[in-house]
Amino acid sequence: MTLAIFLVVVAALALLLIFRAALTRNLQISAKVSLAAQIQPIDVAAFRNLIDPGENAYLRHRLPASEFRSVQRERLRATACYVQTAGRNAAVLIRMGQNALMSNDVRTADAARQLVDNALLLRRNTTFVLFRIYVAMAWPNSGRIGAPLMQNPVLQDYERLNGTAMLLGRLQNPATPLRISATI
Amino acid sequence: MLQAHSFLWHYLWVAPNVVLLFLSFLLWKRGLREQFPVFFALALLTSLGHLAVYTADIAPMVSAENFWRTNWTSLVVEGLLKFALVAEIFAHAFGSYASVARLGKRLIRGVGVALVLAAALAAAYTPQDGLFGIVSGAHILERTIYLIAAGLLLFIFLFSRYFNLQLDRRTFGIALGLSVSACVHLATWAIMANGKVPNSVRHDLDFLNMGTYHLCVLIWFYYLLVPERMRKYPPMNPPPHPLAGVPSEEDLDALNQEMERLLHR
């Protein structure tokens, strides 16, 4: 009977999760809140500085090992925050692109599809990057963390991004372009 | 009222299958058969299979053994079609997005293998219920099918939720109906396959199964045939341009370049 109870609990939990997903979908469809307002701009310059390998090498050279580990953990934590924001922004862009997919204009629909694909790629990559950041946080002093990143097969798909950049340009509204990056 | 061969029992066994048969006819008439070929096949064959099992149950000339053979055949066909339908739902949900389709396929295969192993383990540890092998085997097969189907459907819902991808209305309706059916049936068959369950409880669970199936058929009917309401905007506020507020090319490019750099580190 233990097995039966376990399966009943599993089924109930699965049903709850599915209902929650269904409810979220219906709420999102009926929501009047602008999706663009959900975008959180990212300071790309600060982000770039955080992940600069030269900056890491400089800190490693200048600081004692224990202090470097502590500083590096803080930097990785901040990097994770940026990456999480980028992932959330990607999720909003996916929804914006999906809304535009219903457009009657073929070019708009095509461009929207490209946007969705691009944003999905960004969302997926942020997941992988976050995983690597958390691994690096466990061993902040290790130089070996970077090596497997170089061989990541995910990057093969990433090359497609360059080609879609032109199409993405069509997606912007010249009147009120939304910024997902903040400049100082 | 909740007795075998009561009016409600006959209604719950026959009505949803007639409605499902009618739904498959409407799908064919409206040209939706090409869009959802597996669902069309499931609607047609499942309803016919259930009606055949019903006929075998009430016809006095059909022996108990032949009834269970008919039930087994219907069950196997239905099970295979359900897995094919999960694949169809997956293809509709993610097939057109190359960037996640491959990852999704890998993950769902992994989840599928894990679920098959879990179902095999559950079957191995199921205590004997004292019924004939052909009967208890059918119960275990039901539970196995629903365990795998529920797990795969849950994965599809969670995966699309993570990527904020919205399933189109019809795909969503099919997935929702199948999920409700899979989860409730998993729970009921988990109890029924375990033996030592009094007959009165078995009858109640039978009614719960039939009622859930009826509900699922109505969900499919609603989502497949009732058109979605168009969003209304006040006359002074025309609908926004579908691409209003979408970020600039430079923004996305810069972010993507940083992500790539981060992965290269």
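**Notebook: a look through chains A and B**

I started at B:A149 and, leaving aside neighbours within four places in sequence, found it in contact with B:K82, B:V86, B:L178 and B:A182. For me, two residues are in contact if their C-beta atoms, placed from the backbone, lie within 7 Å.

A note on the ground rules: this is a predicted model, where local features need pLDDT of at least 70, side-chain atom pairs count only at pLDDT 80 or more, and totals for chains, interfaces and linings use all residues. Residues are numbered from 1 along each chain as its sequence is written, while chains are lettered from A and ligands numbered from 1 in the order in which they are written.

**Entry: the core**

I looked up the largest nonpolar core next. Such a core is a set of buried Ala, Val, Leu, Ile, Met, Phe, Trp, Tyr and Cys residues joined through C-beta atoms within 7 Å. I call a residue buried if 20 or more other C-beta atoms lie within 10 Å of its own, exposed if 12 or fewer, and partly exposed in between; the C-beta atoms are placed from the backbone. The core has 84 residues, and those touching the most other members are A:I94, B:A149, B:A150, B:L153, B:A175, B:C183 and B:L186. Helix 6 of chain B gives the most to this core, with 14 residues. The core also draws at least three residues from each of domain 1 (1-32) and domain 2 (35-182) of chain A; those bounds come from an automatic or database domain assignment. In soluble globular proteins, nonpolar side chains tend to be buried together.

**Entry: chain B**

I counted eight helices and zero strands in chain B. Helices (H or I, at least four residues) and strands (E, at least two) are DSSP runs, numbered from the N terminus. Of the 265 residues in chain B, 35% are buried. When I took contacts between residues at least 6 apart in the sequence of chain B, 78% joined residues at least 24 apart.

**Entry: two residues I stopped at**

B:S24 sits in helix 1 (residues 7-29) of chain B. Is B:S24 buried or exposed? It is buried, because 22 other C-beta atoms lie within 10 Å. Not counting residues up to four places away in sequence, B:S24 touches B:F40, B:A43, B:L44 and B:S47. The C-alpha atoms of B:S24 and B:F40 are separated by 5.7 Å, though the two are 16 residues apart along the chain.

B:N164 lies in the loop between helix 5 and helix 6 of chain B. Its phi is near 60 degrees, a positive value in a residue other than glycine. B:N164 has 21 other C-beta atoms within 10 Å, so it is buried.

**Entry: chain A**

Chain A has eight helices and two strands, in the order α-β-α-α-α-α-α-α-α-β. Of its 184 residues, 30% count as buried. I noted a mean pLDDT of 73 for chain A, with 73% of its residues at 70 or more. Over residues 144-172 of chain A the pLDDT is below 50, and this stretch has 48 contacts in the model beyond near neighbours in sequence. The pLDDT is the predictor's confidence in each residue, from 0 to 100.
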